[in-house]
Amino acid sequence: MTTQQPPTQTPAHKADLVLEGGGVKGIGLAGAVLALDAAGYRFSRVAGTSAGAIAAALIAALNARGRPISELRDILATVDYPKFESGNVITEAAGLLTHMGLHDGDYLVEWLGDALEQIGATRFGDLRLDDSGADANLTDAQRYTLIVDVSDISRGRCVHLPWDYPAYGRHDIDDELIVHAVRASMAIPFFFRPVRFDAPETDFGDQHFTASKITWVDGGMLSNFPVEVFDRTDGSAPRWPTIGIKLSAREFVVAPANEIHGAASEAFAALHTLINNDERYYVPGDKANRTIFVDNAGISATDFGITKEQQDTLFANGRSAAQAYLQTAR
């Protein structure tokens, strides 16, 4: 196990980073992150949901091993997006009925697990943060450089991993695999199979949890853009900013109406609304001031047939959005 030392960049160019979810639109996150990196920003901690969790995990791993963040684009270029949609109509229907998801999500575990293995940081123990100036209220479970958001629909709560592992009787946080947390965060309901496991009876903080079957799904259901997650709680002034990257226009977006003709179209419309509702979240001024808004080019979160041209457009949109943000932040 290794520990990550705080970045050596001057405080003016340090930042914590929060990345919104958005499926295949996550390519836009990479464009923005690499523009910040080119401008001299170094990221102390990174948080993400769904696609944002994938990018966040890679950034945290690269940082832990002292490798350039510029490798992010080359790693993401190896993704074979159609492989996220496993099987045919028959196997998809069976998966939905028996496992509560059309697709198994195995490709994400295979691809991201291999990428993290090649970087050399696969477990949360590789992402320990040794920072004596961090928030004095942080518990030992919170001293990691990565946060992955997951929605626990069994207990009806937002879960920050690795912070909340002890609430599920999993106290050896350092041994938890990063890719398993990310897999849970990108489990879009009905599209990807949820992560399910048995949690023992346990106490966590001032809460008591009974033994139960747990179901984790896409963190975006409850917390798609937790830009406040790194805000200090000990009364000390922040040493550097948190920068959020959001995959939608700044203004409130009104989507075209779905035509509802019966039960099937109602179910489809409900699922479509759930998956794509992230871009319609209103961002209040205090969050907007520290947020980079990336034009998602109208691409759907689950458009796994995305073309190379569309990928390049999203990446360029992310880069230009970050460059515009940097002009106003100076």
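1. Phi of alanine 297 is near 60°, a positive value in a residue other than glycine. At 40% relative accessibility alanine 297 counts as partly exposed, where buried means under 20% relative accessible area, exposed over 50% and partly exposed in between (1.4 Å probe, protein chains only).

2. A word on the basis of these notes. This is a predicted model, in which local features need pLDDT of at least 70 and side-chain atom pairs count only at pLDDT 80 or more, while totals for chains, interfaces and linings use all residues. Residues are numbered from 1 along each chain as its sequence is written, and side-chain values use heavy atoms, with hydrogens and water left out.

3. Two further backbone details may interest you. Serine 50, in the loop between β3 (42-49) and α2, also has a positive phi, near 55°, but serine 50 counts as buried at 4% relative accessibility. The peptide bond from leucine 161 to proline 162 is cis, with omega near 15°, and proline 162 belongs to the loop between β7 (157-161) and α6. For background, most residues other than glycine have a negative phi, and most peptide bonds are trans.

4. Now the chain as a whole: it has 9 helices and 14 strands, and buried residues make up 53% of its 330 residues. Among contacts (heavy atoms within 4.5 Å) between residues at least 6 apart in sequence, 74% join residues at least 24 apart.

5. The largest nonpolar core has 82 residues, and Leu17, Leu19, Leu36, Leu58, Trp111, Trp216 and Ile245 touch the most other members. Helix α2 gives the most to this core, with 11 residues. Such a core is a set of buried Ala, Val, Leu, Ile, Met, Phe, Trp, Tyr and Cys residues joined through side-chain atoms within 4.5 Å. A second, separate core of 8 residues includes Val18, Ile147, Trp163 and Phe225.

6. On a 1 Å grid over the protein atoms alone, a cavity is a set of points where a 1.4 Å probe fits but cannot get out, and lining residues have an atom within 4 Å of a point; points are joined across faces, edges and corners, and the volume is the space filled by probe spheres set on them. Of its 17 lining residues, Gly23, Ala51, Ile54, Tyr81 and Phe84 lie nearest the centre. Helix α2 (residues 51-64) supplies the largest share of the lining, 3 residues.

7. Which parts of helix α6 are buried? They are Ile178, Val179, Ala181, Val182, Arg183, Ala184 and Ser185. Because 7 of the 8 residues of α6 (residues 178-185) are buried, this helix is largely enclosed by the rest of the structure.

8. Finally, compare two single residues. Tyrosine 325, in helix α9 (residues 308-329), is buried with a relative accessible area of 12%, and its C-alpha atom is 9.5 Å from that of leucine 36, 289 residues apart along the chain. Lysine 213, in strand β12 (residues 212-218), is partly exposed at 44%. Leaving aside neighbours within four places in sequence, lysine 213 is in contact with Ser154, Arg196, Phe197 and Asp198.

Conventions
On a 1 Å grid over the protein atoms alone, a cavity is a set of points where a 1.4 Å probe fits but cannot get out, and a pocket is an open set with protein on both sides within 12 Å along at least five of seven lines; lining residues have an atom within 4 Å of a point. Helices (H or I, at least four residues) and strands (E, at least two) are DSSP runs, numbered from the N terminus.
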